[in-house]
Amino acid sequence: MRAAPSSTRLAVTAALLSFAAGAGDAFAFVELGGVFTANMTGSLVLSGLTGRPGYGALVAGAATALAAFLAAVYAASRAAPKGPGPRWDRIRAVLVAVVVLDLAVLVLKSVSPAPGTALRLLTLAASAAAMGSQTAAARRAAGGSGVTTTFVTGTLTSLAQDAADGSSRHAAVRVGAAVMLFLGALTASGAMAVDARLGPAVAAAGTTVALLALPRRAHRTGSPDP
């Protein structure tokens, strides 16, 4: 029987992916027309603010991001199908694709610092696809921990409900994911003050380090990987 992977590795991976998501969302909101590409709830709420300047562009961006996010979740979930245990090789491949998408966002931003409508929507789609793929990979890896890496409402809800039930299981990883989401946004914000292209670079770096922390395939020895 395969051993469970190290809970420490899973916690570190979740934290790093949350950091990357915070960076990706900060970049999209600041540089791509005030639309989130990880937090779909936020984008939907913003789409309801009809009095906001540039409302048409906002709705177009939010719709593009939502469509790309959902398509990426579907594709990534198919690429890393559910099984009796996480398939780390498949999850790793999805996260490699996330890094490639983040770098594509960087390249697209480099093409034009002030993109037109078509290029902005293409960049939004690439960023949202990265976040959707990451979300799917993280959910496949997380098991029953209730941790999400691209939004924290569900994570904090799980934390509060477990506390009400007298359980502290997974509390550290949940709190860590929430804190790292904030730190990712903060880091990207500071980096973008120097160069806007550093936003997706921070996201790509976070996901790359998460790849290194991802649990290796468990051996059949009854003990987890180090």
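This is a predicted model: local features need pLDDT of at least 70, side-chain atom pairs count only at pLDDT 80 or more; totals for chains, interfaces and linings use all residues.

Q: Which share of the residues is buried?
A: A residue counts as buried when its relative accessible area is under 20%. In this protein, 44% of the 226 residues are buried.

Q: Among contacts between residues at least 6 apart in sequence, what percentage join residues at least 24 apart?
A: Sequence separation tells you which parts of the chain a contact brings together. Here 72% of those contacts join residues at least 24 apart.

Q: How do I read a pair of helices? At what angle do helix 1 and helix 5 cross?
A: Look at the axes first, then at the residues that meet. Helix 1 covers residues 7–31 and helix 5 covers residues 117–142. Their axes come within 11 Å and cross at roughly 160 degrees. An angle over 145 degrees counts as roughly antiparallel, and helix 1 and helix 5 are therefore roughly antiparallel to each other. The crossing of these two helices is left-handed.

Q: Which residues of helix 1 and helix 5 meet?
A: From helix 1 come Leu10, Leu17, Ala20, Ala21, Gly24, Phe27 and Ala28. From helix 5 come Thr123, Ser127, Met131, Gln134, Ala138 and Ala141. Sorted by class, this contact has nine nonpolar, four polar and no charged residues.

Q: Where do helix 7 and helix 8 meet, and is their crossing left-handed or right-handed?
A: The axes of helix 7 (residues 171–192) and helix 8 (residues 198–213) come within 8 Å and cross at roughly 145 degrees. The crossing is right-handed. Thr187, Ala188, Ala191 and Met192 of helix 7 meet Leu198, Gly199 and Val202 of helix 8. This contact has five nonpolar, two polar and no charged residues.

Q: What is Thr37 in contact with?
A: Beyond neighbours within four places in sequence, the contacts of Thr37 are Gly24, Asp25, Ala28, Ala65, Phe69, Leu124, Ser127, Ala128 and Met131. With Ser127 there is also a polar contact of 2.9 Å between the side chains. Thr37 and Ala68 lie 31 residues apart in sequence, and their C-alpha atoms are 9.0 Å apart in space.

Q: Which helix holds Thr207, and which residues is Thr207 in contact with?
A: Thr207 belongs to helix 8. Thr207 has 0% relative accessibility and so counts as buried. Leaving aside neighbours within four places in sequence, Thr207 is in contact with Leu17, Ala20, Leu95, Val98, Val99, Asp102 and Gln134.

Q: How does Arg52 count by relative accessibility?
A: Arg52 lies in the loop between helix 2 and helix 3 (55–79). Its relative accessibility is 26%, so Arg52 counts as partly exposed. Not counting residues up to four places away in sequence, Arg52 touches Phe29, Gly33, Gly34, Leu46 and Leu58.

Definitions and conventions: Residues are numbered from 1 along each chain as its sequence is written. Side-chain values use heavy atoms; hydrogens and water are left out. Axes are lines fitted to C-alpha atoms, for helices over the stretch in contact, and angles run from 0 to 180 degrees between N-to-C directions. Helices (H or I, at least four residues) and strands (E, at least two) are DSSP runs, numbered from the N terminus. Angles under 35 degrees count as roughly parallel, over 145 as roughly antiparallel, 65 to 115 as roughly perpendicular and the rest as oblique. A crossing is left-handed if the near helix is turned anticlockwise from the far one by less than a right angle, and right-handed if clockwise. Contact means heavy atoms within 4.5 Å. Ala, Val, Leu, Ile, Met, Phe, Trp, Tyr, Cys and Pro count as nonpolar, Asp, Glu, Lys and Arg as charged, and the others, Gly among them, as polar. A polar contact is a pair of N or O atoms within 3.5 Å; within protein, one must be able to donate a hydrogen and the other to accept it, and residues adjacent in sequence count only if both atoms are side-chain atoms. Buried means under 20% relative accessible area, exposed over 50%, partly exposed in between (1.4 Å probe, protein chains only).
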